[in-house]
Structures are given as structure tokens and as C-alpha cells.
Amino acid sequence: MTFQDVLTGAVKAILPLDRLPDRISPQNAIDVVEVKDVKENGTYLVRGDAGRHFTTVLNSGAPWRHKADIIDVNDAEWMVTLQGRAAQQVRITDIVPELEGGKCAPPPGGDLVLAPGQGVTDVIALEVAIDSPQPRMTSYSKGSKAGAPYFTGPGAKQITLNQNESEAFLLHATSARGHCRWRYRVHYQIGGSTAQMTLSRPGGKPFELTGELPGTGRYRSVHFPSFTCTRPDPAAPAKWFTRTGAEYARAHRGKAPVPCPKS
């Protein structure tokens, strides 16, 4: 008996048969290592909060996104890390969003949170207009116009995963007019077989995103930071303001910053 035989026997004694690289079925050839929400700024919608408790949370200075029922507005960014499990190379040939109910719903109301800023990402970045008639993945570059189709067309690309190799990529979704809930169907090839897997948020939840209502005046209230308006005292510490949607719409009819509320 060689050392290799002993090692193989030990591995098989520890790992379940369906975890061995040479016995993995095509349907189990990819592991989802992480699905992480990485949107750090932009526009958000707070559902509920009839008692206006969220204003206190914002001004506490503590992280606030997990403190309420929040939906991304206009765009969402998720970092996904996948790992190859099989001895053979896995080639991801397409990632297709599948909408719950087959379509998006009208945008809901609630409280709008405006948190502008910017960030930089250095990974494979893909974008999908989730509320379009036929949402498809395109190449994505922050601040640029819509890119070319990623998995289809004359410049079609694939994402490859070797055994135990991980690949992280950004999924950037946009919605101009619809409230959408969806999961991704990942199509891939391994050996001579084709297979699919479903990609969801942690806990098996669907991804969710909504476009804005036509005009901030239609929201119950709007939360906005002091650096987006003209503060009477420039030395005053940054804080959050809250106004009704109608008040905010009246004060921000022009493009120039307006004076911050006095209270």
C-alpha cells in the first residue's frame, strides 16, 4: 500500500462521499462562500417606522441599516464569492435573474433615506437593469454608461472555477420604476454536462430593490445628512435632518443646496 492509498483512504473516511472531488455531481460542483450586501451609500427606503423611531437611530451615529426594514432604492450592490468543488474545471456561462411573480410591482411608499457618497471596487463587476423587459447581465463600471452583454453576444465571456478556487464578483442591479424581488439562476458547464444553481440572499431570501416614486413629495418623510444642505454654522457637527416628503420637495425644487432646517 502506498502513501497515496493511505491518504485517499483517510480522506474518504473523513469526507462524505458526495464531497469527494471525483464523486461530486454536476449539480453540486459550486459552493456559495459568501453573499454580502456592499452598498455603502445612495438612496434607501424605510418601510414601517410609523412612530418615527428611525430618526433617533440615524442621529445616534451607530450603524443603521440593520435597525429597520430597509430596501435599496435605484440600485443595489451584492458581492458574491463562489468556489469550485469538483476535480474538473467549472465554467459559468450565464447568470440570469428570475423575478418573483414574473414581473416587478409599483414602487412602495415610506420614508426615504438619502446617503450620498462613492466607492471603488476591483473585482469582476456585472450589472442588470432588473425592471427591464428582458433583464440580462452586462459589464459594469461605476459612473459609466451601460456596458456590453457579458455572457452573450460577440464578446461573450465566462467565469471559470478550478477545484478549491474562489472567485468574487459584484452584482449591481438597477431599477428605475419597479419594486422587484428576484433570485439569480447560475448556468454552468462541467465536463460534458450542463447544470444550474440558484443564488439568493443569506437565509434563502430573494434580492430586493425598488425604483423611486415620481417626486419626493409622495414619501411620508425624507431623512438627509447636513452636508447636503447649507448649514448656518459651518463648524457645527454633522447630523441628520428629517422632513415630510412635501416639505423636502418644496425646499429642494432648485438644483443648488438650500439652507439646512433650523431644527
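Student: Which residues does Leu199 touch, not counting residues up to four places away in sequence?

Tutor: Happy to start there! This is a predicted model, where local features need pLDDT of at least 70, side-chain atom pairs count only at pLDDT 80 or more, and totals for chains, interfaces and linings use all residues. Residues are numbered from 1 along each chain as its sequence is written, and side-chain values use heavy atoms, with hydrogens and water left out. Taking contact as heavy atoms within 4.5 Å, Leu199 touches Val32, Val35, Val80, Leu82, Leu171, Arg183, Tyr184, Val186 and Phe207.

Student: Is Leu199 buried or exposed?

Tutor: Leu199 sits in strand β12, residues 193–199; strands (E, at least two residues) and helices (H or I, at least four) are DSSP runs numbered from the N terminus. Buried means under 20% relative accessible area, exposed over 50%, and partly exposed in between, using a 1.4 Å probe and protein chains only. Because its relative accessible area is 1%, Leu199 is buried.

Student: What separates the C-alpha atoms of Leu199 and Arg183?

Tutor: Arg183 is among the residues that Leu199 touches. Along the chain the two are 16 residues apart, and their C-alpha atoms are separated by 5.9 Å.

Student: Is Ala176 buried or exposed?

Tutor: Ala176 lies in the loop between β10 (166–174) and β11 (179–190). Leaving aside neighbours within four places in sequence, Ala176 is in contact with Asp131, Gly211 and Glu212. Its relative accessible area is 57%, so Ala176 is exposed.

Student: How many disulfides does the count come to?

Tutor: A disulfide is a covalent bond between the sulfur atoms of two cysteines. The rule used here asks for a pair of cysteine sulfur atoms within 2.5 Å. Cys104 and Cys180 form one, with sulfur atoms 2.0 Å apart, and another joins Cys229 to Cys260. By this rule the count comes to two.

Student: Where are Cys104 and Cys180 in the chain?

Tutor: Cys104 is partly exposed because its relative accessibility is 22%, whereas Cys180 is buried at 0%. Their link is right-handed, with 105 degrees about the S-S bond. The pair links distant parts of the chain, 76 residues apart: Cys104 is in the loop between β5 (90–99) and β6 (111–115), and Cys180 is in strand β11.

Student: Which pattern do the disulfides of the chain follow?

Tutor: The link of Cys229 and Cys260 is right-handed, with 100 degrees about the S-S bond, and both of these cysteines are buried. With bonded cysteines counted along the chain, the pattern is 1-2, 3-4.
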